[in-house]
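Hi,

Here is the structure I promised to pass on. Please open it, and then read my notes on its aromatic rings below.

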Amino acid sequence: MCIRDSIYTDGVRNHHVRIIGNTISGYGAGGVPVTGTSHVEIRDNLIFDVASVDPFQHSGISILEPFNLGFPDDQNGYSNYITGNTVYRVENTVRDANGLITDGNCVIMDRTNLNGYEGRTLVANNFCVDNGGRGVQVYQSSRVDVVNNTLFGNSRSDEIAARGGDLGAYESDDVTFANNLVFTLGGHHPARAFQSSDITFENNLYVASRGADYNGSLAQGDQVITDQLTPVVVSPTPAAQAELFELVADSAAVDAGTSRFSYVVDRDFFGRTRELGDIPDIGAFEYEG
(Lines give C-alpha, C1' and ligand atoms only; values in the text may rest on other atoms or scores of the structure.)
Protein backbone atom coordinates (compact mmCIF):
# COMPACT_ATOMS: atom_id res chain seq x y z
CA MET A 1 0.00 0.00 0.00
CA CYS A 2 1.37 3.42 -0.93
CA ILE A 3 -0.78 6.06 0.78
CA ARG A 4 1.04 9.07 -0.55
CA ASP A 5 0.16 8.34 -4.17
CA SER A 6 -3.53 8.86 -3.44
CA ILE A 7 -2.97 12.63 -3.58
CA TYR A 8 -2.67 12.31 -7.35
CA THR A 9 -6.07 10.74 -7.95
CA ASP A 10 -7.74 14.16 -7.95
CA GLY A 11 -5.32 15.46 -10.57
CA VAL A 12 -4.67 14.56 -14.21
CA ARG A 13 -6.07 11.15 -15.21
CA ASN A 14 -4.13 9.53 -18.02
CA HIS A 15 -4.94 6.55 -20.18
CA HIS A 16 -3.28 4.26 -22.72
CA VAL A 17 0.20 4.67 -21.28
CA ARG A 18 3.11 2.34 -22.21
CA ILE A 19 6.25 2.07 -20.06
CA ILE A 20 8.58 -0.31 -21.89
CA GLY A 21 12.25 -1.29 -21.83
CA ASN A 22 13.55 1.02 -19.12
CA THR A 23 16.28 0.46 -16.53
CA ILE A 24 15.31 2.08 -13.23
CA SER A 25 17.45 2.03 -10.08
CA GLY A 26 18.76 4.13 -7.23
CA TYR A 27 15.47 5.94 -6.62
CA GLY A 28 14.21 6.20 -3.04
CA ALA A 29 10.51 5.83 -3.91
CA GLY A 30 8.71 3.50 -6.34
CA GLY A 31 10.28 2.18 -9.52
CA VAL A 32 7.16 2.48 -11.72
CA PRO A 33 4.27 3.87 -9.66
CA VAL A 34 1.14 4.48 -11.76
CA THR A 35 -1.79 6.29 -10.14
CA GLY A 36 -5.27 7.32 -11.28
CA THR A 37 -4.69 5.87 -14.76
CA SER A 38 -6.35 3.28 -16.99
CA HIS A 39 -5.09 1.10 -19.85
CA VAL A 40 -1.44 0.82 -18.85
CA GLU A 41 1.25 -1.46 -20.25
CA ILE A 42 4.39 -1.92 -18.11
CA ARG A 43 6.64 -4.30 -19.99
CA ASP A 44 10.27 -5.48 -20.23
CA ASN A 45 11.65 -3.11 -17.61
CA LEU A 46 14.62 -3.76 -15.32
CA ILE A 47 14.00 -2.34 -11.85
CA PHE A 48 16.27 -2.68 -8.82
CA ASP A 49 17.46 -0.88 -5.68
CA VAL A 50 14.43 1.38 -5.38
CA ALA A 51 11.78 2.20 -2.72
CA SER A 52 14.21 2.13 0.17
CA VAL A 53 14.07 5.53 1.88
CA ASP A 54 10.63 7.03 1.28
CA PRO A 55 8.49 6.53 4.43
CA PHE A 56 5.32 6.33 2.35
CA GLN A 57 6.12 2.71 1.42
CA HIS A 58 6.62 2.04 -2.28
CA SER A 59 7.26 -0.98 -4.50
CA GLY A 60 8.98 -1.91 -7.75
CA ILE A 61 5.84 -1.67 -9.90
CA SER A 62 2.46 -0.46 -8.67
CA ILE A 63 -0.90 0.40 -10.15
CA LEU A 64 -2.77 2.42 -7.54
CA GLU A 65 -6.37 3.66 -7.51
CA PRO A 66 -7.13 3.63 -11.25
CA PHE A 67 -10.23 5.30 -12.68
CA ASN A 68 -12.80 4.23 -15.25
CA LEU A 69 -12.16 6.64 -18.09
CA GLY A 70 -14.73 5.41 -20.58
CA PHE A 71 -12.70 2.71 -22.31
CA PRO A 72 -13.72 -0.96 -22.17
CA ASP A 73 -11.28 -3.84 -21.78
CA ASP A 74 -9.35 -4.80 -24.91
CA GLN A 75 -10.68 -7.64 -27.05
CA ASN A 76 -8.60 -10.12 -25.05
CA GLY A 77 -10.39 -9.07 -21.87
CA TYR A 78 -7.67 -6.92 -20.29
CA SER A 79 -7.04 -3.22 -19.80
CA ASN A 80 -3.69 -3.30 -18.00
CA TYR A 81 -0.57 -5.41 -18.53
CA ILE A 82 2.45 -5.89 -16.26
CA THR A 83 4.60 -8.34 -18.21
CA GLY A 84 8.19 -9.44 -18.71
CA ASN A 85 9.73 -7.24 -16.03
CA THR A 86 12.72 -8.07 -13.84
CA VAL A 87 12.53 -6.59 -10.35
CA TYR A 88 15.05 -7.25 -7.60
CA ARG A 89 16.42 -5.83 -4.34
CA VAL A 90 13.39 -3.64 -3.71
CA GLU A 91 12.91 -3.11 0.02
CA ASN A 92 11.43 -0.52 2.39
CA THR A 93 14.02 0.33 5.04
CA VAL A 94 12.33 3.42 6.51
CA ARG A 95 9.12 2.92 8.49
CA ASP A 96 5.86 4.74 7.82
CA ALA A 97 4.08 7.16 10.18
CA ASN A 98 2.70 4.18 12.11
CA GLY A 99 6.11 2.62 12.55
CA LEU A 100 5.44 -0.12 10.00
CA ILE A 101 7.10 -1.67 6.97
CA THR A 102 4.29 -2.59 4.53
CA ASP A 103 5.60 -2.76 0.98
CA GLY A 104 8.76 -3.25 -1.07
CA ASN A 105 6.85 -5.59 -3.36
CA CYS A 106 7.96 -6.62 -6.82
CA VAL A 107 4.46 -5.89 -8.18
CA ILE A 108 1.37 -4.60 -6.39
CA MET A 109 -2.16 -3.93 -7.57
CA ASP A 110 -3.18 -1.42 -4.94
CA ARG A 111 -6.72 -0.35 -4.03
CA THR A 112 -8.22 -0.60 -7.49
CA ASN A 113 -11.62 -0.93 -5.78
CA LEU A 114 -11.46 2.55 -4.26
CA ASN A 115 -12.89 4.24 -7.37
CA GLY A 116 -14.97 1.27 -8.54
CA TYR A 117 -12.49 0.44 -11.27
CA GLU A 118 -13.80 -2.20 -13.71
CA GLY A 119 -10.75 -2.92 -15.90
CA ARG A 120 -8.97 -6.27 -15.74
CA THR A 121 -5.20 -6.60 -15.26
CA LEU A 122 -2.75 -9.27 -16.42
CA VAL A 123 0.47 -9.78 -14.42
CA ALA A 124 2.54 -12.31 -16.38
CA ASN A 125 6.09 -13.49 -17.14
CA ASN A 126 7.68 -11.32 -14.46
CA PHE A 127 10.90 -12.29 -12.71
CA CYS A 128 10.93 -11.17 -9.05
CA VAL A 129 14.00 -11.85 -6.92
CA ASP A 130 15.27 -10.88 -3.46
CA ASN A 131 12.69 -8.21 -2.65
CA GLY A 132 11.74 -7.12 0.85
CA GLY A 133 8.02 -7.30 0.06
CA ARG A 134 5.99 -9.92 -1.74
CA GLY A 135 6.41 -11.11 -5.29
CA VAL A 136 2.90 -10.14 -6.45
CA GLN A 137 0.54 -8.45 -4.00
CA VAL A 138 -3.14 -7.76 -4.74
CA TYR A 139 -4.55 -5.40 -2.11
CA GLN A 140 -8.15 -4.16 -2.02
CA SER A 141 -8.36 -4.87 -5.74
CA SER A 142 -10.41 -6.90 -8.21
CA ARG A 143 -10.18 -8.52 -11.63
CA VAL A 144 -6.49 -9.50 -11.62
CA ASP A 145 -4.86 -12.56 -13.23
CA VAL A 146 -1.34 -13.41 -12.05
CA VAL A 147 0.10 -15.95 -14.50
CA ASN A 148 3.48 -17.60 -15.22
CA ASN A 149 5.67 -15.52 -12.93
CA THR A 150 8.90 -16.74 -11.30
CA LEU A 151 9.52 -15.56 -7.73
CA PHE A 152 12.62 -16.28 -5.65
CA GLY A 153 13.60 -15.22 -2.14
CA ASN A 154 11.05 -12.45 -1.67
CA SER A 155 9.41 -11.33 1.62
CA ARG A 156 12.85 -10.60 3.09
CA SER A 157 11.39 -7.94 5.42
CA ASP A 158 10.52 -9.72 8.67
CA GLU A 159 7.16 -7.96 9.03
CA ILE A 160 6.15 -8.97 5.51
CA ALA A 161 7.22 -12.58 6.01
CA ALA A 162 5.26 -12.78 9.27
CA ARG A 163 2.06 -12.11 7.34
CA GLY A 164 3.05 -14.61 4.64
CA GLY A 165 2.29 -14.93 0.96
CA ASP A 166 4.78 -14.17 -1.81
CA LEU A 167 1.61 -14.44 -3.90
CA GLY A 168 -0.97 -12.50 -1.91
CA ALA A 169 -4.62 -11.46 -2.18
CA TYR A 170 -5.83 -9.27 0.66
CA GLU A 171 -9.32 -7.79 0.94
CA SER A 172 -9.72 -8.50 -2.76
CA ASP A 173 -11.96 -10.43 -5.11
CA ASP A 174 -11.92 -12.05 -8.56
CA VAL A 175 -8.19 -12.84 -8.56
CA THR A 176 -6.51 -15.88 -10.14
CA PHE A 177 -2.95 -17.08 -9.49
CA ALA A 178 -1.97 -19.65 -12.13
CA ASN A 179 1.27 -21.28 -13.35
CA ASN A 180 3.48 -19.35 -10.93
CA LEU A 181 6.79 -20.75 -9.64
CA VAL A 182 7.59 -19.58 -6.10
CA PHE A 183 10.77 -20.26 -4.10
CA THR A 184 10.67 -19.17 -0.46
CA LEU A 185 13.81 -18.93 1.65
CA GLY A 186 12.08 -18.51 5.01
CA GLY A 187 9.37 -20.40 6.81
CA HIS A 188 6.48 -18.25 5.60
CA HIS A 189 3.61 -19.35 3.36
CA PRO A 190 4.48 -19.04 -0.34
CA ALA A 191 0.94 -17.85 -1.11
CA ARG A 192 -1.91 -16.49 0.96
CA ALA A 193 -5.44 -15.18 0.62
CA PHE A 194 -6.97 -13.16 3.45
CA GLN A 195 -10.42 -11.59 3.84
CA SER A 196 -10.98 -12.08 0.12
CA SER A 197 -13.53 -13.78 -2.12
CA ASP A 198 -13.50 -15.50 -5.52
CA ILE A 199 -9.76 -16.20 -5.31
CA THR A 200 -8.36 -19.09 -7.34
CA PHE A 201 -4.95 -20.78 -7.09
CA GLU A 202 -4.35 -23.04 -10.09
CA ASN A 203 -1.31 -25.11 -11.08
CA ASN A 204 1.27 -23.16 -9.08
CA LEU A 205 4.50 -24.77 -7.85
CA TYR A 206 5.91 -23.83 -4.45
CA VAL A 207 9.45 -24.76 -3.44
CA ALA A 208 8.94 -24.00 0.21
CA SER A 209 8.99 -25.45 3.71
CA ARG A 210 5.19 -25.24 3.90
CA GLY A 211 2.19 -24.90 1.65
CA ALA A 212 -0.11 -22.00 0.84
CA ASP A 213 -2.60 -20.45 3.25
CA TYR A 214 -5.69 -20.51 1.05
CA ASN A 215 -8.24 -19.45 3.68
CA GLY A 216 -11.10 -21.09 1.81
CA SER A 217 -10.04 -20.02 -1.68
CA LEU A 218 -10.37 -22.44 -4.58
CA ALA A 219 -7.12 -24.38 -5.09
CA GLN A 220 -6.51 -26.97 -7.80
CA GLY A 221 -3.36 -28.48 -9.25
CA ASP A 222 -0.89 -26.71 -6.93
CA GLN A 223 2.29 -28.57 -5.95
CA VAL A 224 4.60 -28.15 -2.96
CA ILE A 225 8.24 -29.29 -2.94
CA THR A 226 9.62 -29.15 0.60
CA ASP A 227 13.02 -30.59 -0.33
CA GLN A 228 15.02 -27.55 -1.41
CA LEU A 229 17.54 -29.87 -3.11
CA THR A 230 15.02 -31.24 -5.60
CA PRO A 231 16.09 -29.81 -8.99
CA VAL A 232 13.51 -27.47 -10.47
CA VAL A 233 15.64 -24.83 -12.22
CA VAL A 234 19.30 -24.67 -13.21
CA SER A 235 20.65 -22.89 -10.11
CA PRO A 236 18.35 -20.58 -8.13
CA THR A 237 20.19 -17.60 -6.70
CA PRO A 238 19.47 -14.08 -5.39
CA ALA A 239 21.65 -12.73 -8.22
CA ALA A 240 18.56 -12.32 -10.47
CA GLN A 241 20.16 -13.96 -13.50
CA ALA A 242 17.37 -15.24 -15.70
CA GLU A 243 19.41 -18.05 -17.25
CA LEU A 244 19.84 -19.63 -13.80
CA PHE A 245 16.07 -19.98 -13.50
CA GLU A 246 15.62 -21.94 -16.71
CA LEU A 247 13.84 -25.22 -16.01
CA VAL A 248 15.77 -28.48 -15.95
CA ALA A 249 14.59 -31.51 -17.91
CA ASP A 250 13.03 -33.38 -15.00
CA SER A 251 11.61 -30.30 -13.30
CA ALA A 252 8.19 -30.64 -11.68
CA ALA A 253 7.32 -27.39 -13.49
CA VAL A 254 7.63 -28.85 -16.99
CA ASP A 255 4.27 -29.51 -18.68
CA ALA A 256 2.54 -28.86 -15.36
CA GLY A 257 0.65 -25.63 -15.98
CA THR A 258 -2.86 -24.87 -17.10
CA SER A 259 -3.63 -23.85 -20.69
CA ARG A 260 -6.44 -21.57 -19.59
CA PHE A 261 -4.42 -18.41 -20.24
CA SER A 262 -2.52 -19.56 -23.33
CA TYR A 263 -4.59 -17.31 -25.56
CA VAL A 264 -3.02 -14.24 -23.95
CA VAL A 265 0.20 -15.59 -22.36
CA ASP A 266 1.41 -17.27 -25.54
CA ARG A 267 5.11 -16.39 -25.08
CA ASP A 268 7.51 -16.72 -22.16
CA PHE A 269 9.90 -14.18 -20.62
CA PHE A 270 12.36 -14.65 -23.50
CA GLY A 271 9.68 -14.52 -26.19
CA ARG A 272 9.64 -18.28 -26.78
CA THR A 273 6.29 -19.82 -27.59
CA ARG A 274 4.40 -21.43 -24.73
CA GLU A 275 3.36 -25.07 -24.95
CA LEU A 276 6.68 -26.25 -26.39
CA GLY A 277 5.66 -29.49 -24.71
CA ASP A 278 2.16 -30.85 -24.21
CA ILE A 279 0.92 -27.95 -22.06
CA PRO A 280 2.49 -24.74 -20.70
CA ASP A 281 5.21 -25.00 -18.09
CA ILE A 282 5.04 -23.31 -14.70
CA GLY A 283 7.00 -20.08 -14.22
CA ALA A 284 8.24 -17.29 -16.48
CA PHE A 285 10.57 -19.54 -18.49
CA GLU A 286 9.38 -22.28 -20.83
CA TYR A 287 11.58 -25.36 -21.08
CA GLU A 288 13.00 -25.77 -24.60
CA GLY A 289 14.07 -29.40 -24.27
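Predicted model: local features only at pLDDT ≥ 70, side-chain atom pairs only at ≥ 80, totals over all residues.

Residues are numbered from 1 along each chain as its sequence is written, and side-chain values use heavy atoms, without hydrogens and water.

The chain's mean pLDDT is 91 (the predictor's confidence in each residue, from 0 to 100). Of its residues, 96% reach 70 or more.

Now the ring pairs. Rings of Phe, Tyr and Trp (its six-membered ring) pair if their centres lie within 6.5 Å; planes under 30 degrees apart are stacked, over 60 edge-to-face, the rest tilted. The count is 14 aromatic pairs. Phe 48 and Tyr 88 are stacked, because their centres are 4.9 Å apart and their planes lie at 5°.

Tyr 170 and Phe 194 also pair. Their centres are 6.5 Å apart with planes at 50°, so this pair is tilted. Tyr 170 is buried, at 7% relative accessibility. Phe 194 is partly exposed, at 32%.

There is a cluster too: ring pairs link Phe 127, Phe 152, Phe 183, Phe 245, Phe 269, Phe 270 and Phe 285.

Last, a charge. The charged end of Arg 13 sits over the ring of Phe 67, 3.7 Å from its centre (the rule: NZ of Lys or CZ of Arg within 6 Å of the ring centre and within 35 degrees of the ring normal).

Best wishes

Definitions and conventions. Buried < 20%, exposed > 50% of the residue type's maximum accessible area, 1.4 Å probe, protein only.
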